[in-house]
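Please look over the sequence and the model shown here, and then read on.

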Amino acid sequence: MRPDLQTADAASAGRAPRGAPAALLLMIAALCHGCAAPRAGLAGRAAAAAPDAPLVQVIDDPVPLDWRVVITPADRLRLARIEAAWADGLAAAGRRFAAAIRAEGALLDPAAALPRPDLPPGPYRCRLVALATGVAGGAAVPGLAAFRPWDCYVDTEGELLTLVKQTGSSRPAGRLWPDRPTRLVFLGAAAPPGPGAMAAARAAPAYADNPARDLAGLVERVGPFRWRLAMPYPVPGVALHVYELIPVPPAGPAMRNLQPH
């Protein structure tokens with residue numbers, strides 16, 4: 001066999017030809033070493049990834065701090081008509097309920113709002129006074145109806161306050177946004193009604209999830225340790241729902257000493 005053919009055949013078979021130069025032997029060894037080393041494919045690169053990488057990325061979705069971003073067009077219209085709601089409700093109450101309106105004092109005075117409207121977090125006694133439009137479904141309705149106090153709670157959620165009515169048949173719940181120096185904007189919803197203990201288990205839907213249950217109103221401070229939540233046109237036939245909010249003092253010896261004897 002010709003020497004040059006013997007050398008080529010030996011190289012293709014991976015064997016060193018007899019009498020081959022040292023440089024040629026080193027080159028063949030390097031080529032064979034490269035062929036024997038496996039290449040790292042996709043699986044190899046994935047295995048080399050950090051083992052602690054999360055499978056699900058949680059993205060924080062904070063509540064907007066401007067109520068104008070959250071409010072629905074229907075509730076924006078209701079809030080814009082709150083002065084008309086006060087006028088309709090007080091006019092419908094008329095002379096028949098004049099004494100009751102005077103007895104409520106600043107609670108039913110549209111111009112009674114004071115600076116610093118923020119409510120301290122904690123439990124409250126909340127009492128509803130409803131001012132009707134005078135007609136609902138074609139039938140006359142009383143111009144004013146006052147109800148017994150129930151339990152409410154004010155809490156913090158990030159930079160906002162929340163207000164929840166915990167007991168009673170009508171149970172609004174929502175958030176409070178800063179607005180003017182004398183008022184906060186309430187946007188929330190009413191919990192579905194239910195009999196007895198079932199009512200407490202029914203949570204209010206999220207705002208704007210069920211337009212039929214959405215509520216909007218203004219929170220104002222109307223006296224020392226006295227606030228109100230006024231919601232214009234909350235249901236057909238009613239001009240205003242006005243909730244009086246009175247903080248519940250903490251129980252303890254110091255508070256008991258302040259009670260009149």
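## Terms and overview

A residue counts as buried when its relative accessible area is under 20%, and as exposed when that area is over 50%. The model is a predicted one.

The chain has 261 residues, and 34% of them count as buried. Its secondary structure amounts to 9 helices and 11 strands. The accessible surface is about 16100 Å², with 62% of this area belonging to carbon and sulfur atoms. Of the contacts between residues at least 6 apart in sequence, 54% are between residues at least 24 apart.

An α-helix has 3.6 residues a turn, so residues three or four places apart point the same way.

What covers the buried residues? Leaving out residues up to four places away in sequence, R78 touches D214, L215, P232, Y233 and P234.

## Nonpolar cores

The largest nonpolar core is made of 26 residues, and W86, L108 and L187 have the most contacts inside it. Helix 6, strand 1 (122–132), strand 8, strand 9 and strand 11 (238–247) each give two or more residues to this core. Helix 6 gives the most, with 4 residues. In soluble globular proteins, nonpolar side chains tend to be buried together.

Which residues does L108 touch? Not counting residues up to four places away in sequence, L108 touches W86, L90, I101, V129, L131, L144, R228 and V242.

## The disulfide

A search of the whole structure finds 1 disulfide. This bond joins C126 to C152, with an S to S distance of 1.9 Å. The torsion about the S-S bond is about 90°, so the disulfide is right-handed.

The two cysteines come from distant parts of the chain: C126 is in strand 1 and C152 is in strand 5 (residues 150–157), 26 residues apart. Are they buried or exposed? Both C126 and C152 are buried.

## The aromatic pair

The structure holds 1 aromatic pair. The ring centres of Y124 and W227 are 6.3 Å apart and the ring planes are at 80°, so the pair is edge-to-face. Y124 lies in strand 1 and W227 in strand 10, so the pair ties together parts that are 103 residues apart in sequence.

Y124 counts as buried, at 2% relative accessibility. W227 is buried too, with a relative accessible area of 4%.

R171 lies in the loop between strand 6 (160–165) and strand 7 (172–180). At 7% relative accessibility, R171 counts as buried. R171 and A190 are 19 residues apart in sequence, while their C-alpha atoms are 5.6 Å apart in space.

R116 is not a glycine, yet it has a positive phi of about 60°. Its place is the loop between helix 7 (98–104) and strand 1. R116 counts as exposed, because its relative accessibility is 60%. Y233 also has a positive phi, of about 45°, although it is not a glycine. Y233 is in the loop between strand 10 and strand 11, and at 16% relative accessibility Y233 counts as buried. Y233 is one of the residues that R78 touches.

Technical notes: Residues numbered from 1 in each chain as written. Predicted model: local features only at pLDDT ≥ 70, side-chain atom pairs only at ≥ 80, totals over all residues. Heavy atoms only, no water. Buried < 20%, exposed > 50% of the residue type's maximum accessible area, 1.4 Å probe, protein only. Contact = heavy atoms within 4.5 Å. Areas by Shrake-Rupley, 256 points an atom, 1.4 Å probe, with all protein chains shown as cover. Core = buried A, V, L, I, M, F, W, Y, C linked by side-chain atoms within 4.5 Å. Disulfide = S-S within 2.5 Å. Phe/Tyr/Trp six-rings, centres within 6.5 Å; stacked < 30°, edge-to-face > 60°.
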